[in-house]
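The questions below work through a single chain, residue by residue and then element by element. Each answer is meant to be checked against the sequence and the coordinates shown here.

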Amino acid sequence: MLYKKGKATNTYTLRVKQDELASQLDISRQALNVHLHKLKNHGYIRTGRGFIDVTEKGLSALGISTTPAFILIKVSPFKRIHVYEELRELQVSRAFRIAGEVDGLIIVERENLDEVLKKLYAIDGIEDTRSYVTIEVIK
């Protein structure tokens, strides 16, 4: 029922304990809790034991689009292993090996599309790319 009645959302999850995060930010745990409480009340984050989720509203406030771009890639059959290893190193939302007319699908934030494409062009074995930018979420 949770799955059927729920809806897919974009979140970024930071898996860290709050005392560790406070230490990294060089503030007290109490000060961190005050800030997190404000962010949570505005709907920018969700928190739980050992994690902090940045919500779609939080991503939007940061200027990060919640409608991604998709990059389809065609890979040389002789370079697939090398290319897939290189793709694992890219800063992208998700990367998939797929079957069909193309060999891979990369999901990337629209703001990072140009940067990712430049890195893809430098990978030996990528024969072609096609990029698609989403306009809006339909469902």
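Q: Does Asp114 count as buried or exposed?
A: In this predicted model, Asp114 is placed in helix 6. Its relative accessibility is 56%, and since the exposed class begins over 50%, Asp114 counts as exposed.

Q: What distance separates the C-alpha atoms of Asp114 and Glu20?
A: Along the chain, Asp114 and Glu20 are 94 residues apart.

Q: Does Asp53 count as buried or exposed?
A: Asp53 belongs to strand 3, which covers residues 51-54. Its relative accessibility is 11%, and because buried means under 20%, Asp53 counts as buried.

Q: With the side chain of which residue does the side chain of Asp53 make a polar contact?
A: Apart from its neighbours within four places in sequence, Asp53 is in contact with Thr11, Tyr12, Thr13, Tyr44, Ile45 and Arg46. For the C-alpha atoms of Asp53 and Arg15, which are 38 residues apart along the chain, the separation is 8.7 Å. The polar contact between side chains, at 2.5 Å, joins Asp53 to Thr13.

Q: Which elements give two or more residues to the largest nonpolar core?
A: The largest nonpolar core has 16 residues, and those touching the most other members are Ile71, Ile73, Val83, Leu87, Ile106 and Leu120. The elements that supply two or more of its residues are strand 4 (69-75), helix 5 (80-88), strand 6 (104-108) and helix 6 (113-121).

Q: Which residues does Ile106 touch, not counting residues up to four places away in sequence?
A: Ile106 is one of the core residues that touch the most other members. With residues up to four places away in sequence left out, the residues that Ile106 touches are Ala69, Phe70, Ile71, Ile73, Leu87, Leu90, Val92, Arg94, Ala95 and Leu120.

Q: At what angle do helix 2 and helix 3 pack?
A: Two packed helices are described by the angle between their axes and the distance between the axes. Helix 2 spans residues 18-25 and helix 3 spans residues 29-41, and their axes are 9 Å apart. Helix 2 is roughly perpendicular to helix 3, because their angle falls in the range of 65 to 115 degrees. The value itself is about 100 degrees.

Q: How many nonpolar, polar and charged residues are in the contact of helix 2 with helix 3?
A: On the side of helix 2, the contact involves Gln18, Asp19, Leu21, Ala22 and Leu25, which meet Arg29, Leu32, Asn33 and Leu36 in helix 3. Sorted by class, the residues of this contact are five nonpolar, two polar and two charged.

Q: Which residue's backbone oxygen does the side chain of Thr134 reach?
A: Thr134 lies in the segment after strand 7 (126-133). Leaving aside neighbours within four places in sequence, Thr134 is in contact with Thr67, Pro68, Phe70 and Arg110. At 2.5 Å, its side chain reaches the backbone oxygen of Pro68.

Q: Does Thr67 count as buried or exposed?
A: Thr67 sits in the loop between helix 4 (56-61) and strand 4. Beyond its neighbours within four places in sequence, its contacts are Arg110, Thr134, Ile135, Glu136 and Val137. With a relative accessibility of 11%, Thr67 counts as buried.

Q: With which residues is Ser76 in contact, leaving aside its neighbours within four places in sequence?
A: Ser76 is placed in the loop between strand 4 and helix 5. At 12% relative accessibility, this serine counts as buried. Once neighbours within four places in sequence are set aside, the residues in contact with Ser76 are Gly125 and Glu127.

Conventions: Residues numbered from 1 in each chain as written. Predicted model: local features only at pLDDT ≥ 70, side-chain atom pairs only at ≥ 80, totals over all residues. Heavy atoms only, no water. Helix = DSSP H or I, 4+ residues; strand = E, 2+ residues; numbered from the N terminus. Buried < 20%, exposed > 50% of the residue type's maximum accessible area, 1.4 Å probe, protein only. Contact = heavy atoms within 4.5 Å. Polar contact = N/O pair within 3.5 Å; in protein donor to acceptor, adjacent residues only side chain to side chain. Core = buried A, V, L, I, M, F, W, Y, C linked by side-chain atoms within 4.5 Å. Axes fitted to C-alpha atoms, helices over the stretch in contact; angles between N-to-C directions. Parallel < 35°, antiparallel > 145°, perpendicular 65-115°, else oblique. Nonpolar A, V, L, I, M, F, W, Y, C, P; charged D, E, K, R; others polar.
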